[in-house]
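Visitor: I am new to this structure and would be grateful for a close look at a single part of it. Please take the aromatic rings and their surroundings.

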Amino acid sequence: MTDLSIARPNLQDRQGGHSSEDPGPHDRLRGRMGPLLAFGRFEVGRLLRSWKFLAITIGFPVIFYMLFLGDHTAGKVVDGTVPWRTYLMVSMCSFGALVAALNAAGTRLSMERASGWARQLRVTPIPAWSYVGTKIVASMLVVLPVIVLVEAVGAGFGGVRLAATTWVGLTILLWVTSFPFAVLGVFIGFLVTTEAAFPVVTGLMFVLGYFGGLFTPVDQMPGSLQFVAHLIPSYHQVSLAVASLDGQTLALTHWLVLTGCVAVLGLAIVWKHRVEETRGIA
């Protein structure tokens, strides 16, 4: 008996839609984003599983906060109406963000370039720009809990008392303004060799921390150093945070400097990445 059955037409085709053989825009987007999201989860997971990275990232700002806590009385006013212990907490949040971002991107990126991991990623389905983008995003994701932890230490041991909305606003502000640190970390990872990565990152942590006023208020530094501080993103990050706590207007100058740092470093990363792609290094 001859089979005269006719395949049932696809309803989506009759309505001008997409069949199962022709995936729609949503399916195509999901297919492109799947590998990228998987790579992002892989990067963040590697950072969180490294106990050495977590010990350095969390330990430095917390230890420094506890060490500097007794240098001034709790009621000493440093900037406007902000007490010393609150100012110190904000400074150590900035320092913790700096440490986390530079270590998450700078040290690891230089090691991956030396091992050939960056070249291997070029044959995967993820876009070429995703390697740099994922490094920056992973750094920002690690920065946030570091800021929260230092704030918790400030509230628990430093006697810092703020309203709930103020805590939330301060955390978001410190996290957003940490973006230049993440971009700087990626740039350092492209710039230095594996052997030089750790000393360069360690040196930058303390140079940017000291000259940015994270260990000593800028107005207590010599005039020449005060000028240098105004060129460093950590100073502008802390200035914005302190201004928000003091009820002052967040000056546009601070935002412009932070944005300028991101723009300059971003262009430098794009240039360096293209050079290495041309040479077959990255």
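Guide: F64 is buried, and F215 is buried as well; buried stands for under 20% relative accessible area, exposed for over 50%, and partly exposed for what lies in between, with a 1.4 Å probe and protein chains only. The model is a predicted one, in which local features need pLDDT of at least 70 and side-chain atom pairs count only at pLDDT 80 or more, while totals for chains, interfaces and linings use all residues. Residues are numbered from 1 along each chain as its sequence is written, and side-chain values use heavy atoms, with hydrogens and water left out.

F215 also takes part in a ring pair with F68: the centres are 5.9 Å apart and the planes stand at 35 degrees, so this pair is tilted. For such pairs, rings of Phe, Tyr and Trp (its six-membered ring) must have their centres within 6.5 Å; planes under 30 degrees apart count as stacked, over 60 as edge-to-face, and the rest as tilted. Because F68 belongs to helix α3 and F215 to the loop between α9 and α10, the pair ties together parts that are 147 residues apart in sequence. Helices here are DSSP runs (H or I, at least four residues), numbered from the N terminus. F68 is partly exposed, with a relative accessible area of 23%, whereas F215, at 14% relative accessibility, counts as buried.

By the ring rule, the count comes to nine aromatic pairs. One of them joins F64 and F215, whose ring centres are 5.8 Å apart and whose planes are at 80 degrees, so the pair is edge-to-face. This pair links distant parts of the chain, 151 residues apart: F64 is in helix α3 (residues 51-68), and F215 is in the loop between α9 (194-211) and α10 (223-229). Ring pairs join F64, F68, F95, F206 and F215 into a cluster.

Terms used:
Helices (H or I, at least four residues) and strands (E, at least two) are DSSP runs, numbered from the N terminus.
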